[in-house]
Amino acid sequence: MSLLKHAKQYLSNQSTYSHLNAFVSLADPASILSRAEAADSIPDAHETTSPGLAGKLIAIKDNICTTELPTTASSAILKNFTSPYDATVVKQLRDAGAIVAGKTNMDEFGMGSHSTHSHFGPVKFARHSGEQLSAGGSSGGSAVAVASAQCWAALGTDTGGSVRLPAAYTGVVGFKPSYGLLSRWGVIAYANSLDTVGILGRDVESVESVFNKLNSYDPQDPTSIPPSTRSRLGSDRNIMSLRIGIPLDYNMSTLQPAVRRAWIRSLKALQDCGHTLHSVHLPATQHALSAYYVLAPAEASSNLAKYDGVRYGTRAEGIDGTPDSVLFAKTRGQGFGPEVQRRILHGAFTLSAQAMDNYFIQAQKVRRLVQRDFDSIFYTLNPLVKSAPVLHMDAVDVLVCPTTPTLPPTLSDVENQDPLNAYMNDVFTVPASLAGIPAISVPVDLDPSDRNPELVEKGIEERAGMQVIGQYGDDALVLDVAKNLFVAATRPSPYSRTSPFITAWGKNPSSPADEVVEEAERREKLARWETEKLESRKVQAGGKLKVVPGYGLLDKYPSAAVKKERKRLGAKAKELGITLEEYRAKLAAEEGKDEKPEQ
Ligand code: GLN
């Protein structure tokens, strides 16, 4: 299927779903089509296993600068702003041949959790006519654009969950890489120490291919991780038998039962793939949300000072700065929406001399504790922290937990909520943001008992977002586990997510189109690949995959049980007068006939 045909379908979906308000501005269709047609002649552009970006339509969140379209951050104060340069990430995408589909709607300056605080009206998420759900925020426009196949993938930004939360609500994949890996140059700052460019796509492979293109050092961004540090990142682990951590502190009483059941299903699915499950504690998590809502507004109040109608921003009509008000009061009063004004006031207060010690300084301390919590449970040591390595024999490779405490609320529920309710949505996403570590939201199936029969009848999939969180720099591992989870816990659903050819949500096409078949084959291939890898892992483990506790730790830090197992195998090998390696190969050859593994 040609890239041109894909592009045409995306454009047609853009008009079909324009009422969802996912875009603030759209690229010129004629130029999109001619670029897609040109990309069709590039060899390998159709490769599906490791998709290239040439000719692919990628939507860009409207707080990321582009020269072709305005960059408003969905704020009235920037409604007339067009950037004189492209953000580095946009340039990288264009250099790879991707086509900018348009700029997506969002919560003003990234502040919000439902994409309702926009100068251009709220983003809506609806899987069938009449439904109006929250798209999540603040990258809600990017998530809906991907979910309704108005583009192939999208860029968002994630400061406290803004990519993962909308991905969870709309049933797509949303990835926040480790802080500092993707360039922030040309990205409108909300809270610099937390801001991260993130990626949304319909499957993990597309997200990964965008990430691989953007993951490089940018000298223009002072927080970009330099090459010397990059070379030390990422642990080299076989993903087929990992230790999966279950953060028990995330199992709160307010967690919606359907989300909890989806979590349990996901964990079981991972266990069935050969991973082992381990409970962990992250005690500082309970304070993470409060710390975030002190730190983020504090940074925002300082970042947003430059929008005064002189240096940046649209100036209010008439005279600003009358004797009874301060200079810029009118411009900023008219230009910023209520949520942004609330954050500025809040941030200015927590940074004031009398409040600083009780709020800002305390919140910084909590941030450090949250980071330490993560460092204490991950097997990989934090490459950015110099402290003496502490080896935890019960350490885990990644964490798996829900992305949001509930399924998407209706927009009318959101309207009646107070701001604190919206802040509460970020409770599971904020800890990874404070620690700067990679986290991805993967859509997983609900338990059959939780599926709404009316939606099932219409062929509509309801999904919960499950988060995979890893140590700093372990982005590749996080993506691998996400792929595994996606294959294991999500039924292929060509109608609502995996195929770009949604003609109408909730309606099964009468005959499966070629691309649906292709998608099913691709998934089957992936599943086969997973099984083969699992088998080879079993071979390496001498047929003892399920019985070697903490196999992830085997190579570097063998636990007592692993040492015992090695000794046992070594003794047997000696008995037979062969080496351990030879003995393992022998066991592998007669795999299945090996003695029953002890538990
Ligand atoms: N909802 C959070 C906030 O309003 C996170 C937003 C984001 O990640 N940009 O601050």
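Student: Hi! Which strands does helix α1 lie across?
Tutor: Hi! In this predicted model, helix α1 (residues 3-16) lies across β1, β2 (57-61) and β3 (99-104). Its direction is at about 40° to β2.

Student: And which strands does α8 touch?
Tutor: Helix α8 (residues 257-272) packs on the sheet and touches β7 (243-247), β8, β9 (398-402), β10 (439-445) and β11 (463-470). The direction of α8 makes about 150° with that of β9.

Student: OK, what's the strand order in that sheet?
Tutor: The order is β1-β3-β2-β4-β6-β5-β10-β11-β9-β7-β8. That's an open sheet of 11 strands, and the pairing is mixed.

Student: Which strands stand at the edges?
Tutor: β1 (23-26) and β8 (276-280) do. Each has a single partner strand, so one side of each has no neighbour in the sheet. As for twist, the average is 30° from one strand to the next.

Student: Let's zoom in on β2. Is β2 largely enclosed or left open, and why?
Tutor: Largely enclosed by the rest of the structure, because five of its five residues are buried. Leu57, Ala59 and Lys61 are buried on one side, and Ile58 and Ile60 are buried on the other.

Student: How does β2 pair with β3, parallel or antiparallel?
Tutor: Parallel, over five bridges. Within that pairing, alanine 59 stands opposite glycine 102 in β3.

Student: And what about β4 with β6: how many bridges?
Tutor: Six bridges join β4 (residues 153-158) to β6 (residues 196-201), and these two run antiparallel. For a landmark, alanine 154 has leucine 200 in β6 as its bridge partner.

Student: Switching to helices: at what angle do α3 and α6 cross?
Tutor: At roughly 110°, with the axes of α3 (residues 88-95) and α6 (residues 204-214) coming within 9 Å. The two helices are therefore roughly perpendicular to each other.

Student: Which residues meet there?
Tutor: Val89, Gln92 and Leu93 in α3 meet Val210, Lys213 and Leu214 in α6. By type, the contact has four nonpolar residues, one polar and one charged.

Student: Last one: how many residues of α17 are buried?
Tutor: 11 of the 15, so α17 is largely enclosed by the rest of the structure. Among the buried ones are Asp475, Lys483, Asn484 and Phe486.

Student: What about the span of α17?
Tutor: At 1.5 Å a residue, the 15 residues of α17 (residues 475-489) should span 21 Å. The end C-alpha atoms are 20 Å apart, which agrees.

Technical notes: Residues are numbered from 1 along each chain as its sequence is written. This is a predicted model: local features need pLDDT of at least 70, side-chain atom pairs count only at pLDDT 80 or more; totals for chains, interfaces and linings use all residues. Side-chain values use heavy atoms; hydrogens and water are left out. Two strands pair if DSSP finds at least two bridges between them. Helices (H or I, at least four residues) and strands (E, at least two) are DSSP runs, numbered from the N terminus. Axes are lines fitted to C-alpha atoms, for helices over the stretch in contact, and angles run from 0 to 180 degrees between N-to-C directions. Contact means heavy atoms within 4.5 Å. Angles under 35 degrees count as roughly parallel, over 145 as roughly antiparallel, 65 to 115 as roughly perpendicular and the rest as oblique. Ala, Val, Leu, Ile, Met, Phe, Trp, Tyr, Cys and Pro count as nonpolar, Asp, Glu, Lys and Arg as charged, and the others, Gly among them, as polar. The expected span of a helix is 1.5 Å times one less than its number of residues. Buried means under 20% relative accessible area, exposed over 50%, partly exposed in between (1.4 Å probe, protein chains only).
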